[in-house]
Amino acid sequence: IQGVGNRRKSQVLNMISRSNHQQQQHLLCLLIHLLLGIQQLSYSLATTSNETTKPPPAVPCRPDQSSALLRLRRSFSTTTDSSCTLASWRAGTDCCRWEGVACAGVDGSVTTLDLAECGLQSADLLPALFELTSLRYLDLSFNNFNESELPAVGFERLTELTYINLSYTDFIGKIPHGIRRLNKLVSLDFTNWIYLVEADNDYFLPLGEGRWPIVEPDIGSFLANLSNLKEIYLGNVDLSGNGAAWCSAFANSTPQLQVLSLPNTHIDAPICESLSSIRSLTEINLNYNKVYGQIPESFADLPSLSVLKLAYNRLEGRFPMRIFQNLTVIDVSYNSKVSGLLPNFSSHSIMRELLFSNTNFSGPIPSSISNLKSLKKLGIAAADFHQEQLPTSIGELRSLTSLHVSGAGIVGEIPSW
């Protein structure tokens with residue numbers, strides 16, 4: 001009985017062993033199939049991804065877009081030294097491939113027209129431009145429109161515009177009302193030529209109201225819907241009719257503004273404290289105006305402000321020393337009633353321009369000025385300086401390309417540096 005029991009036990013153990021072996025084989029097969037399935041899935045996903053990331057086939061320019069551009073082309077003449085021949089602008093060819101033209105999207109609509117610095121001349125801006133209703137980028141800067149007026153209507157049709165540059169084009173008249181409806185605008189440039197006349201040996205003033213001024217009498221209404229603006233350049237645009245409201249207009253309507261450039265815009269008003277509520281500001285340029293009052297100390301609290309240009313104004317009072325800490329360019333020259341002291345400069349400073357000529361700054365120039373390794377322009381108000389206060393460390397500024405010393409306080413020989 002015991003022998004039979006031992007044989008039965010052995011048979012049972014052999015059966016269990018064979019069963020375990022079969023299960024292991026079965027599991028191994030399942031694992032192999034699973035790995036092959038994962039590999040096939042990965043290949044399928046990669047193939048699908050490659051197919052979806054392939055750029056769609058180029059869509060040729062729509063005929064109506066081509067026709068509008070050709071009519072615009074016929075309004076231009078070119079100078080002998082023109083850098084743009086527009087030879088590619090030919091009927092029957094794909095206008096998306098023409099010089100200065102680009103298309104995006106699936107319908108062949110023109111989205112970019114860039115004819116900047118082409119040396120083009122025209123008596124006006126034809127309505128054909130406003131048929132390009134998908135335009136996002138428009139640059140006609142540095143061309144000559146011969147003192148023609150900006151079109152009163154048409155811009156309101158270009159609702160997709162994010163960038164418009166009509167600087168140095170010799171347009172005149174009011175900024176078209178339709179532009180204030182372009183609420184996708186990010187960058188706007190209407191800078192016009194600024195002509196300077198010499199008032200004395202080193203003092204220049206803008207020539208009256210400019211030769212061909214553009215006028216914006218209601219900057220508040222103009223900006224009301226342009227809340228996406230990040231850059232605005234209105235150099236030599238007449239804002240004189242806005243009074244003190246110029247400042248609150250920007251503070252209230254352009255929360256994302258980074259560049260505020262308004263040189264020679266005939267502003268005769270103070271700078272409002274609320275301008276510092278635009279936390280994104282990186283550059284403020286109010287040169288050649290009649291801005292009066294004090295420089296807001298709150299400018300020092302703007303985290304990204306790096307360029308502050310306030311030259312040739314009527315500012316007064318103490319220049320806030322805290323403002324020095326973040327700036328790379330500072331120009332308060334020709335504000336005779338602005339006073340202050342220069343701070344000690346850190347070795348980490350990246351100041352490129354430091355200009356306070358013809359101001360009431362006083363006190364010694366710190367020897368730490370030698371830390372300004374990137375400084376290219378230095379203007380010194382010397383009325384209260386004398387020779388021993390001009391440190392030899394200025395001679396260590398190897399990147400310096402311009403040094404201007406104003407006033408009559410310097411005596412003796414020019415230092416050897």
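Student: Which elements do the buried residues of α4 pack against?

Tutor: In this predicted model, they pack against α3 (219-223), β12 (231-233) and β14 (259-261).

Student: What makes residues of α4 count as buried?

Tutor: Buried requires under 20% relative accessible area. In helix α4, residues 245-253, the buried set is W246, C247, A249, F250, A251 and S253.

Student: Why is E131 called partly exposed?

Tutor: Its relative accessible area is 28%. Buried needs under 20% and exposed needs over 50%. The value of 28% lies in between, so E131 is partly exposed.

Student: Where does E131 lie?

Tutor: E131 sits in the loop between β4 (120-121) and β5 (137-139). Its contacts, leaving aside neighbours within four places in sequence, are Q65, A68, R71 and R157. For Q65 and E131, the sequence separation is 66 residues, and the C-alpha to C-alpha distance is 7.3 Å.

Student: What makes the E131 and R71 side chains a polar contact?

Tutor: The two side chains meet at 2.8 Å. The cut-off for a pair of N or O atoms is within 3.5 Å, with one able to donate a hydrogen and the other to accept it. The pair therefore counts as a polar contact.

Student: How do you know that β11 and β13 pair?

Tutor: Pairing needs at least two bridges. Strand β11, residues 214-215, and β13 have two bridges, in the parallel sense. V215 stands opposite D238 in β13.

Student: Which order do the strands of the open sheet have?

Tutor: The three strands run β7-β11-β13, with parallel pairing. β7 (173-174) and β13 (237-238) are the edge strands, each pairing on one side only.

How values were computed:
Residues are numbered from 1 along each chain as its sequence is written. This is a predicted model: local features need pLDDT of at least 70, side-chain atom pairs count only at pLDDT 80 or more; totals for chains, interfaces and linings use all residues. Side-chain values use heavy atoms; hydrogens and water are left out. Buried means under 20% relative accessible area, exposed over 50%, partly exposed in between (1.4 Å probe, protein chains only). Helices (H or I, at least four residues) and strands (E, at least two) are DSSP runs, numbered from the N terminus. Contact means heavy atoms within 4.5 Å.
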